[in-house]
Amino acid sequence: MSKLEQVLILDPPSDLRFKGPFTDVVTTNLKLKNPSDRRVCFKVKTTAPRRYCVRPNSGVIDPGATVTISVMLQPFDYDPNEKSKHKFMVQTIFAPPNVSDMDSLWKDAKPDDLMDSKLRCVFELPSENDKVNDVEATKAAPVMNSAKADGPSATMVAAKTVSASLDDTEMKKVLEECKRLQTEMSKIAEENRQLKVDDGIRMRKAPRSDHMTSNSTSLLGRESSTASLPSLLVVIAAIFIGFFLGKFIL
């Protein structure tokens, strides 16, 4: 009696390809699809069990279902001149109606009831273009992440710095203008005081006559004009300071 043909559909069908570098664990996937209307038990074997970790390495596949097998190659020193002799075999058998003990099922299985498929292992090193692309992607990822993470904050910091420098400049201008206005007001106050002294001396020296009325009028007019001048400057200074302070605060 001829051996049964494999009922499962394997993807990939014949080769398990592992792409290096092999300084870390390299994983490839094997898909097992059951197109039949019966449950199928499977078992995965390899000629190098110490070099691979297979999850799951056995089980039952329901009708129409697919199972993905992860085959993990352990790190090793790769020699491109050495051809890989590693092979895998997927062994299957139709599950009986009430299967409970998988070990007994495989142990008592008849050779004619077993189906199997063999796959060879292929080791591939990345090409030079792949290396360049991987290096560029590795370098670009931190830069892009840094730009995304720091972009808004960096912009805010720059904006705050510019704003602070502008604010300092405006404040200096306001302070200088205040000092200048204070100096002007001090000068005007001194001139006003001197005018009062001079007018007092003139009034004491001049005879009491009809000219007293005109002098008094002249004195009052002069005092009112000199007195109103500082007030006007104070108003102008207040407007000027308020303008700059408002601009600084906003």
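Good morning. Strands here, like helices, are DSSP runs numbered from the N terminus, with at least two residues (E) for a strand and at least four (H or I) for a helix. Strand 4 and strand 6 run antiparallel and are joined by four bridges. Two strands count as paired if DSSP finds at least two bridges between them. Phe42 also stands opposite Thr92 in strand 8, and strand 4 pairs with strand 8 in the antiparallel sense over seven bridges.

Before going further, a word on the source. This is a predicted model, in which local features need pLDDT of at least 70 and side-chain atom pairs count only at pLDDT 80 or more, while totals for chains, interfaces and linings use all residues. Residues are numbered from 1 along each chain as its sequence is written, and side-chain values use heavy atoms, with hydrogens and water left out.

Let me now turn to the chain as a whole. Its secondary structure comes to three helices and nine strands. Read from the N terminus, the elements run β-β-β-β-β-β-β-β-α-β-α-α. The chain has 250 residues, of which 25% count as buried. Buried means under 20% relative accessible area, exposed means over 50%, and partly exposed lies in between, with a 1.4 Å probe and protein chains only. Among contacts in the chain with a separation of 6 or more, 72% come from residues 24 or more positions apart; a contact means heavy atoms within 4.5 Å.

Five strands make an open sheet in the order 2-9-8-4-6, with mixed pairing. Strand 2 and strand 6 (58–61) stand at its edges with a single partner strand each, so one side of each has no neighbour in the sheet. On average, neighbouring strands of this sheet are turned by 25 degrees against each other, direction ignored. The axes behind such angles are lines fitted to C-alpha atoms, for helices over the stretch in contact, and angles run from 0 to 180 degrees between N-to-C directions. Strand 2 and strand 9 pair in the parallel sense over five bridges, and Lys19 stands opposite Glu124 in strand 9.

Another open sheet has four strands in the order 1-3-7-5, with antiparallel pairing. Its edges are strand 1 (9–11) and strand 5, each with a single partner strand, so one side of each is left without a neighbour in the sheet. Here neighbouring strands are turned by 20 degrees against each other on average, direction ignored. Strand 3 and strand 7 pair in the antiparallel sense over eight bridges, and Thr28 has Val71 as its bridge partner in strand 7.

Which residues have the most contacts inside the largest nonpolar core? They are Phe18, Leu32, Tyr52 and Phe88, in a core of 27 residues. A nonpolar core is a set of buried Ala, Val, Leu, Ile, Met, Phe, Trp, Tyr and Cys residues joined through side-chain atoms within 4.5 Å. Elements that give two or more residues to this core include strand 2 (15–19), strand 3 (26–33), strand 7 (66–73) and strand 9 (115–124). Apart from this core lies another, of seven residues, among them Ile93 and Trp106. Leaving aside neighbours within four places in sequence, Phe18 is in contact with residues including Val26, Thr28, Tyr52, Val71 and Phe123.

Finally, the aromatic rings. The whole structure holds nine aromatic pairs. Rings of Phe, Tyr and Trp (its six-membered ring) pair if their centres lie within 6.5 Å; planes under 30 degrees apart count as stacked, over 60 as edge-to-face and the rest as tilted. Phe76 and Tyr78 are edge-to-face, because their ring centres are 6.2 Å apart and their planes stand at 80 degrees. Phe76 counts as buried at 18% relative accessibility, whereas Tyr78 is partly exposed at 24%. Tyr78 also pairs edge-to-face with Phe123, with centres 6.4 Å apart and planes at 80 degrees.

Why does this pair tie together parts that are 45 residues apart in sequence? Tyr78 lies in the loop between strand 7 and strand 8, and Phe123 lies in strand 9. Phe123 counts as buried, at 16% relative accessibility. One aromatic cluster is formed by Phe18, Phe22, Tyr52, Phe76, Tyr78, Phe88 and Phe123.
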